[in-house]
Amino acid sequence: MEHQTRTAIELRYSGNAARSRSLNIRSLAASLSGFTDAVGEYRNIVLPLMNLDAVADSMRPRRGAFVASLVLLGEPVAIARAAAPDAGGGSGRGMADVTDVTDIAVGFIETIGIFKARVLTTGDPMPNSSERAVMTEDGVEVTFAEQATPVVVDHEAYVASKSIRLAKYLGRAFGSFASIDVDMVTVCAPDSGGSLDIPSGVARALRDVDDLVEVHKPLIETRQLQIDTIQFSSDKWRFKDGDQKFYARIADRRFLAQWDRGEISFKNGDRLNAVVRTERSSIGGTLTLGERSILKVSNPHAVLFQPSIDDLMV
């Protein structure tokens, strides 16, 4: 990654197992895997254009706890957004930067805090019919249940807290220790000072969500996609398929190399013939679609727009 930024998330496991240094290695591996997937899912929800890696950095006992560190490495990216042409006949392409990985760590911890607040208020980490959310100048004012005290949370964190896929990964991260001798998992962001304690009761509630989600074999199909947002310095662009817009990571390295060298050229609105891979899962028996990726661009040239009879009659 070029111009990468770096931060860390610390996971502190406390309880008799940690104090006696007898943590189960399989539980620890499952927990770290769940946290890694949860960070990636949070990124997919709030900032899908950021290239982000999460890797285990160190594991060590410290002051009656066992501490594991996840290092987040992120690359600031610039995007070209579709816009109206300017007066001089230009493309109207605009540029924007993304947030820092430290903000990802802070938002991730705040999102976990929303799940925790739901469990402590309603017993369920997912929203129920009594939950109310109102936009304010400071964020989102949320009432988790009738007669509950409203709290103000970050908008992106609240959006992420409604994702059952994210809850599933957190269920694996915390649920691995819900039934053994670990009383608390503390999630910390040392660079910002953020910290959150997750007791075993909250961990068990998140583990129950994990049991509701079943992952299916990905769907692979050839489709013609329209480019909605061109992504520079990254392999993730936004596409349009009918009325639906979605981000997809481009896994066709030959296509990306040609694009980077300037051998092929595209603009927003062009169409591509692509082999698309779509992640799928069932949540409570209902099929949902997850992350998409472009496995291959079958013809690395823009597909010309073919006008319809109605277009020609205008």
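A residue is counted as buried when its relative accessible area is under 20%. The structure described here is a predicted model. By the 20% limit Phe255 is buried, because its relative accessible area is 1%. Trp237 is likewise buried, with a relative accessible area of 0%.

Tyr42 and Phe108 are both buried.

Trp237 and Phe255 also form an edge-to-face aromatic pair, with 6.0 Å from centre to centre and 65 degrees between the planes. Here the link runs between a strand and a helix: Trp237 is in strand β11 (residues 236-241) and Phe255 is in helix α7 (residues 253-260), 18 residues apart. Both residues are members of one aromatic cluster, which is formed by Trp237, Phe239, Phe246, Phe255, Trp259 and Phe266. A charged side chain is found at one of these rings: Arg292 lies over the face of Phe246, at 4.3 Å from the ring centre.

The model also contains an open sheet of five strands. In general, the strands of a sheet pair through backbone hydrogen bonds, in either a parallel or an antiparallel manner. In this sheet the pairing is antiparallel, and the strand order is β2-β3-β1-β8-β9. Strands β2 (51-62) and β9 (194-199) are the edge strands, each of them pairing on one side only. From one strand to the next the twist averages 20 degrees.

Within the sheet, strand β1 (residues 5-14) pairs with strand β8 (residues 184-189) in the antiparallel sense, over five bridges. Ser14 has Met184, in β8, as its bridge partner. Helix α2 packs on the sheet and touches β1, β2, β3 (65-75) and β8. The direction of α2 makes about 140 degrees with that of β1.

Definitions and conventions:
Residues numbered from 1 in each chain as written. Predicted model: local features only at pLDDT ≥ 70, side-chain atom pairs only at ≥ 80, totals over all residues. Heavy atoms only, no water. Buried < 20%, exposed > 50% of the residue type's maximum accessible area, 1.4 Å probe, protein only. Phe/Tyr/Trp six-rings, centres within 6.5 Å; stacked < 30°, edge-to-face > 60°. Helix = DSSP H or I, 4+ residues; strand = E, 2+ residues; numbered from the N terminus. Lys NZ or Arg CZ within 6 Å of the ring centre and 35° of its normal. Pairing = 2+ DSSP bridges. Axes fitted to C-alpha atoms, helices over the stretch in contact; angles between N-to-C directions. Contact = heavy atoms within 4.5 Å.
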